[in-house]
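Take a walk through this structure, from the whole chain down to single side chains. Keep the model open as you read.

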Amino acid sequence: MLHLPRRLWRAALLFSMAWMAAVSGPAQAADEALRVGSKRFTESYILAELLAQTAAPHTTSPPVVRQGLGNTAIVYEALRSGAIDLYAEYTGTIALEILKGSPADTREAMNAALAPMGLGVAIPLGFNDGYALAVRAADAERLGLRTLSDLAKHPELKLGLSNEFLGRADGWKGLAARYGFTQTPTGLDHGLAYEAVAAKQIDVIDIYTTDAKIDHLGLRVLEDDRKYFPRYDAVVLYKLDLPTRLPKAWAALQTLEGKVNEHAMIAMNARAELQSVPFDVIARDFIASTGKTGAAPTQDTRRGFTAKLFGPDLWQLARQHLLLVALSVGIAILIGVPIAILVFSHVRLRAVVLGIASLMQTVPSLALLAVLISMLGAIGALPALIALTLYSLLPIMRNTVTGLAEVPNGLRLAGTALGMTPPQSLQLVLLPLALPTLLAGVRTATAIAIGTATIAAFIGAGGFGERIVTGLALNDRELLLAGALPAAAMALISEGIFELIDWTMRRRRRAPPSSLPLA
C-alpha cells in the first residue's frame, strides 16, 4: 500500500465520501419530483418556469428546473436518459433533429415514431417560433432585401449565425443549398449576435421569430420565399411514464394547451431581455393573468447590478461551485498521486501515463461533457465531477513526478543506509521533500477547476456558471459579471489559502531539523 501523508489521505477520503453523498442523495430525492429542462435561450428558460410553476401545486415536492442545459442534442439526451421528465420543444426540431427527417408531419406521426424511445409529444402551447434570417432595416431598404432569394444576390454581406443553426439538419447547410448562398458564416452565440448586428460587425443573423429584440433593434425579417423552414410549433416533449407517475401534475400541464400565443410569448421574451425581469417572475405573472397577454407586473421587478450580484441564489451557487471544485480536486489527488508514484520509476510507462493525462487536457470541455452525458445517461453533478477530475489529474500527476525527481540522490541513499524499506523511504523522505511541488500542482488544478466549473452549468450542475450561461442567453453583461466576479473572488481566496499553506511550510523548513527516524 502507498504511504501518503496522513493529512493528504484524510482530505482525499473526506472529499470522496462527500462526493458519494452529493451524487446519491439528490438522485433519490429527484425520483419523486417533476424535472423540467430547458435549452439555452430566453424563451426556453421562460417556458421551463411556466411548466414547472403550473405543475407545482399538484406535486408533493417542488419541481426541479434545470435551466440552460445547452443545445437540442444535450437536452434531448437528458430527456432520453431520464435525467429530466419533459421540456418545451418545437415540431420542426423534433421532425428534423430528433427523428432525423422521418416522415412525421403530424403530432400522431411524431408520437408513433417517438414511442419506441419512450417519448411522446403533447400540449401544443399555441404559438409558432420559427427560424428566419434578419438584417438591419436600413440595409434592407438600401439593397432592396425582402426575401432570402434577394439576400443570395449579395455575397458581400457578412453572416453571423448561431453555432447550433450552423450544425442543424434544418440549418445553414440545407438553407445554403436551397438558396445558393456562397458566404462563409461566422459562428456566434445567439444572444451575442444581436449586439454584433447592431454594432455593424455582421450584417445578417439567424433569429427566432418570437425574439423580442427584432423590433427593438429595428431588424427586417427576410421572407423564406422558397419555403425551406418547416413550422416550429411549441409543444411539450416528455417521458411516456410521466402521466402515470405524476398524474395530477400532468393534468395541470394539460391546461396550458393553446394558452400561449405569439404575442404573449414575444411580450414575455421582451420582459426578460429588455427589462431584466427574472424568468420565474415572468412565468408567475403569466399564470396569474390566466393567459391574458400583456399583463403588467404588480411591481417593478427589474434588477440592477447589485441585486443581480447579491441575489438570493448567491450562496446556493457558491456552495454548488465550491463543492464541484473541492470534490473534483480531492478525487484527483486520491487517484493521481498514487498513480504518479507507481509510474515514477518506470520512465516509459510514466511518459505514456502523463501523455494520456495531457491528451485529456486538450479535449474541449463541452465536447467532453457531451460524451460523458451519452456514456452515463445522466446530466448534472456526476458528469461535471468526472470532467473536472480528469482536467485536474495532469497538474497533480506531473508535479508529483517532478517533486519526486527533485529529491537529491544523497537523501535517497541516506534513507537506505538507515535501513528504511522502500515504503518507509517514500513516506518519511521522498514524499515530505516532494510535498511543496505536489501542492503547487494541487494549486494549479484548483485554479483550473474553479474556471472550468462554470461550464458545468451547461448540463445542470449549478455553480456560478448558471449566471454566466443565462447572461449569455440574454446578452446581459451585468448578469455575466454577477457570475464571473464571484468565481474570480473564489479563485483569489483559493490562491490566498495556498499562499498561506506555502508560507507555513517555508517556516517549518527554516526551523532546526529533527533527526530522521530509524527503521
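Buried residues make up 51% of the 519 residues in the protein. Buried means under 20% relative accessible area, exposed over 50%, and partly exposed in between, with a 1.4 Å probe and protein chains only. The model is predicted, so local features need pLDDT of at least 70 and side-chain atom pairs count only at pLDDT 80 or more, while totals for chains, interfaces and linings use all residues. Residues are numbered from 1 along each chain as its sequence is written, and side-chain values use heavy atoms, with hydrogens and water left out.

The protein has 24 helices and 10 strands. These are DSSP runs, numbered from the N terminus: helices are H or I with at least four residues, strands are E with at least two. The protein exposes about 23,700 Å². Carbon and sulfur atoms supply 62% of that area. Accessible areas come from the Shrake-Rupley method with a 1.4 Å probe, and for residues only the protein chains shown count as cover. Now take contacts, meaning heavy atoms within 4.5 Å. Among contacts between residues at least 6 apart in sequence, 78% join residues at least 24 apart.

Turn to the sheets. Two strands pair if DSSP finds at least two bridges between them.

V36 stands opposite L86 in β3.

Strand β6 (residues 159-162) pairs with β7 in the parallel sense over 3 bridges. Within that pairing, the bridge partner of L161 is G187 in β7.

Which residues have the most contacts inside the largest nonpolar core? They are I84, Y87, I94, L114, L237 and L404, in a core of 72 residues. A nonpolar core is a set of buried Ala, Val, Leu, Ile, Met, Phe, Trp, Tyr and Cys residues joined through side-chain atoms within 4.5 Å. Helix α17 (residues 314-344) gives the largest share of this core, 14 residues. Apart from this core lies another, of 68 residues, among them L47, A176, Y228 and W250. Go back to Y87 for a moment. Leaving out residues up to four places away in sequence, Y87 touches several residues, including G37, L51, V75, I98 and L237.

Next, the rings. A pair of aromatic rings is described by the distance of the centres and the angle of the planes. Rings of Phe, Tyr and Trp (its six-membered ring) pair if their centres lie within 6.5 Å; planes under 30 degrees apart count as stacked, over 60 as edge-to-face and the rest as tilted. The count comes to 12 aromatic pairs. Y131 and F229 have ring centres 6.2 Å apart and planes at 35°, so the pair is tilted. Y131 sits in strand β5 and F229 in the loop between β9 and β10 (234-239), 98 residues apart. Both are buried. F165 and F229 also form a tilted pair, because their centres are 6.2 Å apart and their planes at 45°. F165 lies in helix α8 (residues 163-167), so this pair ties together parts that are 64 residues apart in sequence. Ring pairs link F41, Y90, Y131, F165, Y208, Y228, F229 and Y232 into a cluster.

Finish at L394, in helix α20 (residues 381-405). Is L394 buried or exposed? L394 counts as buried because its relative accessibility is 12%. Beyond residues up to four places away in sequence, L394 touches L354, A357, S358 and Q361. L394 and I356 are 38 residues apart in sequence and 8.9 Å apart in space, C-alpha to C-alpha.
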